[in-house]
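This report describes one protein chain, beginning with a single residue and moving on to the whole fold. Please keep the structure in view while reading.

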Amino acid sequence: MNLINHYFPFLSAKQQEQFSALFDLYSHWNAKINVISRKDIDNLYLHHVLHSLAIAKYIRFQPATSLMDVGTGGGFPGVPLAIFFPEVSFLLLDSIGKKVKVAREVSQAIGLQNVEFAHTRMENEKRKFDFVVSRAVMPLPDLVKIVRKNISPDQKNALPNGIICLKGGDLSSELSPFKNKVEVFPLSTYFAEPFFDTKKLIYLPV
């Protein structure tokens with residue numbers, strides 16, 4: 001939690017309480033349903049929560065913005081973002097039911113009111129959203145093909161609607177089809193920890 005407070009010092013008491021509860025909740029559920037590497041659970045705040053909140057460093061979503069988190073797994077980046085943006089609505093979608101169950105149980109336990117859940121494939125979701133977010137789900141060209149239909153034409157935010165992904169490693173080949181349209185931000189711009197040295201945020205207006 002010290003990491004979260006360091007980079008986001010203006011959280012409300014309720015938000016701090018919700019973030020603080022995540023470690024025990026994910027430890028409990030991860031023992032039953034493995035959504036985070038067992039070796040990695042001690043790094044929950046660095047590798048998962050803070051990583052997810054890189055999106056909040058990049059853009060402050062306007063109230064009533066709608067987001068879909070595709071391939072949410074146990075709820076990343078969707079759950080941390082839903083805590084951070086209580087006036088934004090989220091759909092957390094995954095094709096694996098037990099992962100959706102963990103995200104739902106954690107969200108209910110901390111009292112999130114702004115999240116829905118879908119146990120389905122992305123191809124089956126027809127609703128429109130301002131932004132689609134994801135964390136290392138699939139190569140960007142594949143993701144664009146599947147979720148283009150879900151991006152709303154109505155703009156509420158400073159950035160045009162589109163896709164925001166968290167990724168790592170060499171992305172040159174998967175980003176090459178988008179050339180001048182895609183924006184790449186090194187997360188080391190936001191966070192000093194070595195974990196973020198190879199991590200990037202990808203924004204593609206759609």
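This is a predicted model: local features need pLDDT of at least 70, side-chain atom pairs count only at pLDDT 80 or more; totals for chains, interfaces and linings use all residues.

Alanine 64 is exposed, with a relative accessible area of 51%, just as the term requires a value over 50%. Alanine 64 belongs to the loop between α3 and β1. Its backbone carries a phi near 75°, a positive value in a residue other than glycine.

Lysine 179 also has a positive phi, of about 35°, although it is not a glycine. This lysine is found in the loop between α7 and β6, the latter covering residues 183–186. Lysine 179 is exposed, its relative accessible area being 66%. The table sets out the two residues.

| Residue | Phi | Relative accessible area | Loop |
|---|---|---|---|
| Lysine 179 | about 35° | 66% | between α7 and β6 |

The peptide bond leading from phenylalanine 76 to proline 77 is cis, and its omega is near 10°.

## The overall fold

The protein contains seven helices and seven strands. Along the sequence, these elements follow the pattern α-α-α-β-α-β-α-β-β-α-β-α-β-β. The C-alpha atoms fill a box of roughly 40 × 35 × 30 Å along the principal axes. For 206 residues, a compact globule would have a radius of gyration near 17 Å, and the 16 Å of this protein agrees with that value.

Contacts across the sequence can also be described. Of the contacts between residues at least 6 apart in sequence, 70% join residues at least 24 apart.

The accessible surface comes to about 9,500 Å², and carbon and sulfur atoms account for 51% of it. Charge is carried by 24 positive and 19 negative side chains, and the centres of the two sets lie 5 Å apart.

## The interior

What percentage of the 206 residues is buried? Buried residues make up 53% of them. In soluble globular proteins, nonpolar side chains tend to be buried together.

The largest nonpolar core has 54 residues, and Leu22 and Tyr26 have the most contacts inside it. Helix α3, which spans residues 44–58, gives the most to this core, namely ten residues. A second, separate core has 22 residues, including Leu93, Val132, Cys165 and Leu171.

Leucine 22 illustrates how residues from separate parts of the sequence meet. Setting aside residues up to four places away in sequence, leucine 22 touches Leu44, Tyr45, Val49, Val79, Ile83, Val106 and Ile110.

Helix α6 (residues 140–147) has as its buried residues Leu140, Leu143, Val144, Ile146 and Val147. Which elements do the buried residues of α6 pack against? Their partners are the strands β1 (66–70), β4 (131–135), β5 (162–168) and β7 (199–205), together with helix α7 (172–175).

Strand β7 also holds lysine 199. The C-alpha atoms of lysine 199 and proline 186 are separated by 6.1 Å, although the two residues are 13 residues apart along the chain. Leaving out residues up to four places away in sequence, lysine 199 touches His51, Lys167, Gly168, Phe185, Pro186 and Leu187.

Key: Residues are numbered from 1 along each chain as its sequence is written. Side-chain values use heavy atoms; hydrogens and water are left out. Helices (H or I, at least four residues) and strands (E, at least two) are DSSP runs, numbered from the N terminus. The radius of gyration is taken over C-alpha atoms; the globule rule is 2.2 Å times the number of residues to the power 0.38. Buried means under 20% relative accessible area, exposed over 50%, partly exposed in between (1.4 Å probe, protein chains only). Contact means heavy atoms within 4.5 Å. Accessible areas come from the Shrake-Rupley method with a 1.4 Å probe; for residues, only the protein chains shown count as cover. Lys and Arg count as positive and Asp and Glu as negative; His and the chain ends are not counted. The place of a charge is taken as NZ of Lys, CZ of Arg, CG of Asp or CD of Glu. A nonpolar core is a set of buried Ala, Val, Leu, Ile, Met, Phe, Trp, Tyr and Cys residues joined through side-chain atoms within 4.5 Å.
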